[in-house]
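Please open the structure in your viewer and keep the sequence panel beside it. The stops below say what to select next and what is found there.

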Amino acid sequence: MATPAETSLVNATHQADLAIVGAGIVGLAHALAAARRGLRVVLFDRTEPAVGASVRNFGLVWPVGQPAGARHDRALRSREIWSEVANAAGLHIDPAGSLHLAYRADEWTVLREFAATPLGSSHGRTLLTPKETVARSATVELNGLLGALWSPTEATVDPRQAIRRLPAWLAAAHGVELHFGTTVRHIDLPNIETTAGTWQVNQAIVCSGQDFETLYPEIFAAHPITRCKLQMLRTAPQPDKWHLGPALCAGLTLAHYDAFKNLRSLPTLVARLRAEFPFHHEHGIHVLLSQTAAGELTIGDSHHYGLTVDPFDREDINTTIMASLRAFARAPDLCIAERWHGVYPKLTDGASELVVAAAPGVWIVNGLGGAGMTMSFGLAEEVVARL
Ligand SMILES: Cc1cc2nc3c(=O)[nH]c(=O)nc-3n(C[C@H](O)[C@H](O)[C@H](O)COP(=O)(O)OP(=O)(O)OC[C@H]3O[C@@H](n4cnc5c(N)ncnc54)[C@H](O)[C@@H]3O)c2cc1C
């Protein structure tokens, strides 16, 4: 039986205009967009602090990976908001851009074709010779390098720092009410039933990440959404304040992002990569390199799809990621200090996000796949404008 204190907690009723479930980047971005429009926002997360996909990623804000049009525009708007928020909240942001490196003729052909498109030739994007590439990044392996695509639109944030500090800043600067360690059990507007009592709100946005089972499981089940598990690695801080500069990737990554999807030269590259690297193909390995505020290098990743996530990480995948990294990057200390995996929801029909009305006044925003850090701030402005 509940004690009197527990009973009064459970019966407590609180009020706000909008409830947000989930304090990952999607929930935080919606809290900001709503608060900027003057709404009183209450934000819930089951854990304290949030430990979902948003603290487990590279921190790469990566417009260059998005296809031309609305998605690329949204990514650029997100990057703008990241800069504003980082300045206001005192967060690390490194606007160092990115380099896509080519070591094989078919990779260079894809980059040349991309650089001839409006997307690849605007926003300061340009092809570099090997000499120009190493002038931009001393990390790049010069041996065998044919050239690179330079893009200045990418920025790196520190996900662990940002996701932990943003809630406190949202509370202080925008009056967002925070309830961590609080699971939202049921929504029946105006009531939001949580493990810490019932709130009354006009509207709710459910940003529950890979939890498809607690709230509106039937709606998730009716949409083509699954989970993707990714293995990640991190070094200790690099010595002597060594700076990575542009985030780096190479040929495998060209097969991963939608920005390159419709290039005529891509199928030839993909066919060669599949034949030459069957293990990479089987485990969805492509390699990105970013750096945290403290100077650690973040390295990954692999991709395994399915609703049930294998709890066991494979060391042969980590070894392959590191071997692929060493083919294009040199850094003072590539000894691994941490390994982990993350899980993000992914739509299997190729859509870039799931924004769906779950009930009158309740929206689900999910399924941003591997681009949540890149897209959330821009998407949230669009969603909140429609409320
Ligand atoms: C390894 C990895 C690398 C990535 N790299 C990048 C990158 O570099 N750039 C990029 O743009 N994207 C990247 N992504 C993708 C990005 O991290 C995700 O798209 C994004 O974090 C998803 O955010 P989210 O808020 O939906 O989910 P989450 O961060 O998982 O947050 C969901 C939150 O909801 C809470 N929650 C769920 N249900 C409830 C409930 N009922 N009550 C209370 N709380 C609840 C959970 O506790 C959780 O904190 C990467 C992802 C991974 C896993």
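**A tour by selection**

Begin by selecting Pro49, which is found in the loop between strand S2 (41-44) and S3; here helices (H or I, at least four residues) and strands (E, at least two) are DSSP runs, numbered from the N terminus. The peptide bond that leads from Glu48 to Pro49 is cis, with omega near 0°.

Before going on, note that this is a predicted model, in which local features need pLDDT of at least 70 and side-chain atom pairs count only at pLDDT 80 or more, while totals for chains, interfaces and linings use all residues. Residues are numbered from 1 along each chain as its sequence is written.

**The sheet with S3**

Next select S3, S8 and S4, 3 strands that form an open sheet in the order S3-S8-S4 with antiparallel pairing; two strands pair if DSSP finds at least two bridges between them. Strand S3 (60-61) and strand S4 (93-94) stand at the edges, each with a single partner strand, so one side of each is left without a neighbour in the sheet. S3 is joined to strand S8 (residues 155-157) by 2 bridges, and Leu60 stands opposite Thr156 in S8.

Contact here means that the C-beta atoms of two residues, placed from the backbone, lie within 7 Å, and axes are lines fitted to C-alpha atoms, for helices over the stretch in contact, with angles that run from 0 to 180 degrees between N-to-C directions.

**H3 against H12**

On the H3 side the contact includes Arg74, Ile81 and Trp82, and on the H12 side it includes Met375, Phe377 and Glu381. The residues of this contact divide into 6 nonpolar, 4 polar and 3 charged, where Ala, Val, Leu, Ile, Met, Phe, Trp, Tyr, Cys and Pro count as nonpolar, Asp, Glu, Lys and Arg as charged, and the others, Gly among them, as polar.

**Around the ligand**

Which residues are closest to the ligand? Select Gly24, Gly52, Gly209, Gly342 and Gly372, the closest of the 44 residues that surround it; a residue is counted if its C-beta atom, placed from the backbone, lies within 6 Å. Helix H2 (25-36), strand S13 (225-235), strand S18 (336-347) and helix H12 (372-386) are the elements that give two or more residues to this shell. By class, the shell has 20 nonpolar, 19 polar and 5 charged residues.

Now colour the chain by domain, with domain 1 as 4-54 + 161-222 + 351-386 and domain 2 as 98-152 + 225-347, bounds that come from an automatic or database domain assignment. The ligand shell draws at least three residues from each of the two domains, whose C-alpha centres lie 32 Å apart.

Move to strand S10 (residues 184-188) and strand S11 (residues 191-194), which pair in the antiparallel sense over 4 bridges, with His186 opposite Glu193 in S11. A hairpin joins S10 to S11 through 2 residues, and Pro190 lies in that loop, where the peptide bond from Leu189 to Pro190 is cis, with omega near 10°.

Finish at Asp240, in the loop between S13 and strand S14 (247-249), which has a positive phi of about 55° although it is not a glycine.
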